[in-house]
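We will go from stop to stop.

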Amino acid sequence: MHSVFVSRENELARLRGFLDHAVQGRGQVCFVTGEGGSGKTSLTREFALRAQASHDTLLIATGNCNAQTGIGDPYLPFREMLGLLTGSVEDQSRQEAINAENAGRVGRFLKVSKRVISDLGPDLVDIFVPGAGIATKVGKLVADDSGLLNKMGLTQAPDPAVGLRTLSNAEQARIFEQYTAVLRALAQERPLALVLDDLQWIDESSASLLFHLARRIGSSRILIIASYRPEDLALGRGAQRHPLAPVLAELKREFGDVDIPLGDGDGSSAREFVDALLDSEPNRLGASFRQALARRTHGHPLFTAELLRAMRERGDLARDADGRWIEGPDLDWDLLPARVEGAIEERIRRLPPDLQELLSFASVEGETFTAEVVAKLAGREARQVVRRLTQELDRQHGLVREEGRERVGAARLSRFRFRHNFFQAYLYGTLGDSEREVLHEDVAGALESLHEGHTAEIAVQLALHYEQAQSLDKAAHHCLQAGRRAMAVFAHGEAAALALRGLRALGQLPVTLERRSQMLDLMLLAGNAQRLSGAWADSMNTFREAAELAGRAGLPEVMAEAALGYEHPRYRYNLPETITRDLLGRALAALPDRDSALRVRVLAGLARASASASTGLSDAAARMADEAIAMARRLDDPQALLEALEMRFLFDRAPSEIHRRLATMDEMLGLARRLPDKRLLLDILEMRYMDRMALGQREAGDFIDEHARLADELKDPFYLYTTASIRVCPAFLAGRFAEAEQLALQAFEIGQRYGIGNAEGIFGIHMFTFRREQGRLREIAPLVQHFLREQGHGAAWQPGLALIYTDLGRIDDARAQFERLAANDFAAVPRDALWQTCLAYLAEVCAVLGDSTRAAKLYESLLPYAQLNVLVGLDFYLGASGRYLGQLAATMSRWDEAQAHFEHALDLDERTGARTWLAHSRYQFGQMLLARGLPEDRDRARALIAQALATTRELGMHGLAGRIEAGAALH
C-alpha cells in the first residue's frame, strides 16, 4: 500500500495559522500530541511539505529524540537540527526526508549559515555541529575569508580523535544564548520551521534548551513544532517528574492554547478517517466494510494502515477487473489481528527470512541504525546490505527509511531509521535474552571498529550496548567517557545519571584495583555533576563515600579531592560541621609532604572547616590559612593563591582591616577575571561587594548585573540564590517595598528549593524589616513568639522581638526581653554573622528604654563599625552604624559624640541613596537635637523631622510616620 496522507485538515489548518504568525515575525511554538501510531510524524511531515510549497523561502529542519540513547545523550534533537541547517551531514538524504526542494534550499543557504555560526555561535562547534565538518565545508564555501576559521577556533580541521572540546569559559547559558542567536539570525534571512519529534524521550538538557529558545523567538520568523506522547509524560522518569512537563506548563502559560491533540477516533471521526484512507485509491468497499474497519481500529492511523496492508497481502481485499479494491470471497474479520502489534507481526513474518534477519540485527542497535553495523553482524558485504535496505525494506516494504550518510574518520556510514518505533520494538521483542546479550556485544564491537579513534562521540551508545550485553567493565568505561562529555557541555543532570549507571555496573562485579580506580573516577564525576545540578545532599553523600573508599585504598590525592568536594556545599549552604575536619585532616596527613596546589586547597579547606562565624579563625586555623597562602605563592599558582586568600577573607572580617581587604581584593579580582573558574570570580565579587556596601560605595551596585550574568551561566544553586537575594536591598533602600517583598519571596523560594541553609533566616529579617517600615509589625509578632518557643534562641530573633515590643508600645514586655539579653554583658547574643544586626536592634530598644548603663556596653561593642553600614549577611544592611551609635550616645547624654555619629550617618545614607534609612537618620538626629535642648538646635531639628516625615509619607513608611506624628502631637 503506497504512503498517503488523509484527513487531519483541522490540525493542518491550525499549523498553518501558527506558521502564518511566525512568518510575520511573531515566533510560535506548538505541540502535536497523541499516542504511538496516532500520526504525529505523518502530520508534521505533510504540513512541512505543504508549507514548503506555499512559502518559497521557508527552511525546514528536523530533530529526533531516541528511545534508547536520547535520554542520556545531551542535546540530541538540537544537534540533528542544527546539523541539517549547517550541512554537517555527509549528503542531502536527511534534508530530502522532507523533500528535495528543502535539501536544495538548505544547500544554497550554507554560506550564510556558516558565517552566522562563526560570528554568533563559535562555542557551538563540536557541541552541536562537528568541528571537522564545519572547517572543511567553510574552507570550500568561503575560501576567501581567511579569518573565518580563526573566529571558530579552527585554524585547521581539528583532530577527530580529540572528540568534544572543553569550553572552559562557556557555560550552559552561554551555549543556549549562542544557539538562540544563531537561529534568530538565520530567521532574519529565511523563515524557519523546526520540527522536534518524540519529545517523550527528550534529555534534560534539551528540555532546558527548548524552554530557553521558545521564550526568545517572539519577534523572530521561527515556528517550533514539537510532538510527544502524553501518556509517557504522565509516567515521569522513575521517581522524578518528566523533564518536559514543567517546560510545557510554562510555555502553555506564556503562549496559550498551543496543543494539537491527535486522539483515538471514536464514532464519526474514526469513520471519517477510514473513508478518507480507503478513498485515496479506487474501490468498491461498502458501508458495512467501512464500519467494521473503523470499529476494529478505532481510526488509529498506524493500525488501520497496517491492517489494510495485511488484508491485501492475505487476499482479503482484491482488485476487480477495473482495478478497484473489493472484498475478497474469504474475508473473515475474526481471523484478522485485533491490535496493531498483531498486524505488524503478520507483516514482518511475510518477509523473506534473510530480510527478517537484517531487521532483527538492526533492531538491536535501535530505532536509528547503521547499515555497516548490520552488515558486520550478518557477515555480509556492506554495499549489498545498503542496497537491500534501500531497494526492498525502504521502497518496497516501507519498513525503514534512509536518514543520511556520515563520514567518521576513513569510514563512510549509512544511517537508516525504522519508519515507526513499533516495528523496531516488535523485532527486538522477538529475540531471546541470551540472543540479545550476544547481539548487543556484537553491535558495540562493530560500532567501536567503525568509529575507531572517535568512540568518545558515541560513548552513550556504547555504554548502553555493553550494559545490555552484561559486559559491565566496558559499560562503566563508556559511562565515564559519556559523563565527561556531558559535563563538558554543561549537561550536569545527564552526567550524574551516566556516572551512577557506571557505578551500578561496577557494583555487580568483584572489586579489583583497576575497578576501584574506575569507581572513584565515576564517584568524583557523579559528585561534581550532582552538586552542579543542585542535588547537593546527594553530592555530599557521593563525595563522602569516595573519600572513605580512597582512604581505604591508600589514594591520598583522590581522597583529598573527594573531601574537598564534600566541604564545598557544606560551607556554601551553611551546614553544620560533622565529619569535614576528619576527612580533610586525614587527607592532609596522607598527602606527600611537599608543596602542591592540592595541598594548598586542603589546607585552606581544613582552615575553613575549623573556623566559626562567632570566633573566626582559631590560632591553628589561622596558621593553616597562612601556610596555604605562603605555599601558593611559592608555587606561583594564581588559582591556588586566590582560593587560599578567599578563605582567609571569609573569616578575617575585622572592620579596621576593611581598606586593606579591599585593596587586596581588587588585585584578586583582576587575577580571577583571567582564570577559567567563574565560581572563584563570583566569590571574590561577593566578598568585595560586602565591604564596599559596608563603606557605602554606591558603585557597589554595579556588580549586580555581572553577578547575575555569571550566576546564570553557571547554574550553581548557591549563586542563583545570592543573585536573587542581592536584588532585594536596592529596591528596599529606594522605598519600593512591594517590589522588595516580591524579590525576597523569589529568593526564599530558590533557597528552599536548593536547601540553602540560612535562606529562612534571611527571609525572616527581610520580612521583619519590610513590615516594620509598613507599620505592620502586629502581623508578625505572634509568629516571632511562636518561632522562639519552638526553636529556642535564634540569633537576631530575640533582639528582634524586643524591638517589636518597643515599636508596638509594649514597653514592659520590651524591657523584660531586653533584660534577659543584657545579662552578663549580653553574653546570650552570639558573635556570629548577625552580630551587627543584633547590636543595631538592641541599640534602638536601649534608647527607647533610656538604659544608659547598658548603652555604654552596646556603644563599646558597636563603635568599631562607626564608619560603616550595619550588614545583614552578604547583601542587606540596616543603615549606618552611626545612627545606632548616635542613639546610644544620646542615651548616655554624650551629645557631641551623638551629633558626630548622626552627621556621619546622614552623609553615608545620602551617599548610598538609602532613602529609607535616611528618613530614620533624620528623625533620630532631630530627636537628639531636641533632647539636647539647645535653642540653636530647634530649627534644624524641626527641619530634619519634617524631611523625615515627608519621605515616610511618600514611600509608605507608615511605621516611622506613626512614631513621628505621635511625637509631634506630644510636642
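Select Glu819. This residue is partly exposed, with a relative accessible area of 33%. The model is predicted, so keep that in mind at each stop. Show both side chains: Glu819 and Arg854 form a salt bridge, 2.9 Å from N to O. Glu819 sits in helix H39 (residues 811–826) and Arg854 in helix H41 (residues 852–862), so the bridge ties together parts that are 35 residues apart in sequence.

Next, select Arg940 and Glu903. They also meet in a salt bridge, with the closest N and O atoms 2.7 Å apart. Arg940 belongs to helix H45 (residues 938–955) and Glu903 to helix H43 (residues 895–912); the pair links distant parts of the chain, 37 residues apart. Arg940 is partly exposed, at 35% relative accessible area. Glu903 is partly exposed too, at 30%.

Move on to Arg417. Is this residue buried or exposed? Arg417 is buried, with 4% relative accessibility. Find it in strand E10 (residues 411–418). Which residue meets the side chain of Arg417 in a salt bridge? Glu403 does, at 3.4 Å from N to O. Glu403 lies in strand E9 (residues 400–408) and Arg417 in strand E10, so this pair joins parts 14 residues apart in sequence. Glu403 is buried as well, with a relative accessible area of 7%. Why can such side chains pair? Side chains of opposite charge can do so when their charged atoms come close.

Go to Leu450 in helix H19. Leu450 is buried, at 13% relative accessible area. Select Ala411 with it.

Glu437 is partly exposed, with a relative accessible area of 34%. Together with Glu437, they gather in a patch of negative charge on the surface.

For the last stop, select Arg271, Asp275, Asp279 and Arg290. These residues are linked in a network of salt bridges. Then zoom out: the whole structure holds 57 salt bridges.

Technical notes:
Residues numbered from 1 in each chain as written. Predicted model: local features only at pLDDT ≥ 70, side-chain atom pairs only at ≥ 80, totals over all residues. Heavy atoms only, no water. Patch = residues over 30% accessible without salt bridge, like charges linked within 9 Å, V, L, I, M, F, W, Y side chains within 5 Å. Areas by Shrake-Rupley, 256 points an atom, 1.4 Å probe, with all protein chains shown as cover. Salt bridge = Lys/Arg side-chain N within 4 Å of Asp/Glu carboxyl O. Lys, Arg positive; Asp, Glu negative; His and termini not counted. Charge placed at Lys NZ, Arg CZ, Asp CG, Glu CD. Buried < 20%, exposed > 50% of the residue type's maximum accessible area, 1.4 Å probe, protein only. Helix = DSSP H or I, 4+ residues; strand = E, 2+ residues; numbered from the N terminus.
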